[in-house]
Amino acid sequence: MEGKLGLVGYPIKHSLSPWIHQRFLENTETIGTYSILEVLENELEQMVQTIRKNSYKGFNVTLPYKQKIIPFLDELDPHAKEVGAVNTVLNRNGKLIGYNTDGIGYLRSLTNHYPAFVEDRQKNVLLLGAGGAARAIYYALNQSGFQFIDIANRTIEKAQSIADLKTPVSKTSVLTLSEAEKNLDKYDLIIQTTNVGMKPNEDEVPIRLEKLQENAIVSDIIYQPIWTKLLKEAKSRGASVHHGHSMLLYQAQYAFEIWFGRLPIITNMDIQLKQLLEG
Ligand code: ATR
């Protein structure tokens, strides 16, 4: 078998990753399986041993183990090292190498939906949130040359710690959420990475959009619900929106590329997954 794959995390019974990777395997004509490997924290090390022994091609890692998996791996790709979290592991002849595909996956999804926007690296970007996803996205945008990326978060110190990443390119200011709200008209792209608005708290928004530019893009990485309150408000103000399921697909696509060197086509899946999540 070419590819034994899996997902390590907890709880993951409702994960969409098996659906995605099964389709990738089919549409690249790769023979393989993708299993749910749900483990408690005290079983994590043992699971990694089992994965090694059973010659998996690789696996994904999700919450709550994106950082906890690191001591059990042999090597980290520089991007994962800088972000400090791993969501994809490649088994290269018994050596487990950790990668982080979230940031590049996000950038690919944005590029796919808004190709003209990403051409101009002078655009003003605002990142809402300073958790693991924000860190990965910041790093990828910075590496790809975006010049202006501000970060707003409830806890300022966490935003500052992202701004302190080695940043040869971007100029970054750290803001409170209310400062971001007041200065929103400055931004061309707003990337929402907090948990605010996620099921079951669908009536919440991290900031109000009164000052949103009409030609801005509002991007929310939450995909449950697919139409967060923030995205609905953005649309009603005439702005463009970018949905969270797309990052999920593209981070998976990049993981698949790391494992097999093949790039699954995902145009139809983007539409299918959106419909699935819209119910
Ligand atoms: P992930 O890894 O998915 O990015 P995380 O690391 O738990 O998730 O980060 C969650 C983000 O949502 C953080 O930016 C968090 O803000 P704090 O750093 O202040 O904790 C933000 N967040 C969660 N609940 C929030 C709320 N009620 N209001 C504002 N921000 C919130």
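Is Gln253 counted as buried or exposed? At 7% relative accessibility, Gln253 counts as buried; buried means under 20% relative accessible area, exposed over 50%, and partly exposed in between, with a 1.4 Å probe and protein chains only. This is a predicted model in which local features need pLDDT of at least 70 and side-chain atom pairs count only at pLDDT 80 or more, while totals for chains, interfaces and linings use all residues. Residues are numbered from 1 along each chain as its sequence is written, and side-chain values use heavy atoms, with hydrogens and water left out.

View 1. Helix α10, residues 245-260, holds Gln253; helices (H or I, at least four residues) and strands (E, at least two) are DSSP runs, numbered from the N terminus. Setting aside residues up to four places away in sequence, Gln253 touches Phe24, Arg108, Leu263, Pro264 and Ile266, where contact means heavy atoms within 4.5 Å.

**View 2. The ring cluster of Phe24, Phe256 and Phe260.** Ring pairs link these three residues, Phe24, Phe256 and Phe260, into a cluster. Rings of Phe, Tyr and Trp (its six-membered ring) pair if their centres lie within 6.5 Å; planes under 30 degrees apart count as stacked, over 60 as edge-to-face and the rest as tilted. By this rule there are 2 aromatic pairs. Phe24 and Phe256 form an edge-to-face pair, 5.6 Å centre to centre with 80° between the planes. Phe24 lies in helix α1 (residues 17-27) and Phe256 in helix α10, so the pair ties together parts that are 232 residues apart in sequence. Both Phe24 and Phe256 are buried. The ring centres of Phe256 and Phe260 are 4.7 Å apart and their planes stand at 45°, so this pair is tilted. Phe256 and Phe260 both belong to helix α10, 4 residues apart, about one turn of the helix. The relative accessible area is 0% for Phe256 and 13% for Phe260, which is also buried.

View 3. An N or O atom in the side chain of Thr155 lies 2.4 Å from an oxygen atom of the ligand. The protein covers 71% of the 650 Å² of accessible area that the ligand has on its own, by the Shrake-Rupley method with a 1.4 Å probe.

**View 4. Thr88 in strand β5.** Thr88 is placed in strand β5, residues 88-92, and is buried, with a relative accessible area of 0%. The side chains of Thr88 and Asn60 are joined by a polar contact of 3.3 Å. A polar contact is a pair of N or O atoms within 3.5 Å; within protein, one must be able to donate a hydrogen and the other to accept it, and residues adjacent in sequence count only if both atoms are side-chain atoms.

View 5. Most residues other than glycine have a negative phi, and most peptide bonds are trans. A cis peptide bond, with omega about 5°, joins Lys199 and Pro200. Ser55, not a glycine, has a positive phi of about 40° and is exposed at 54% relative accessibility.
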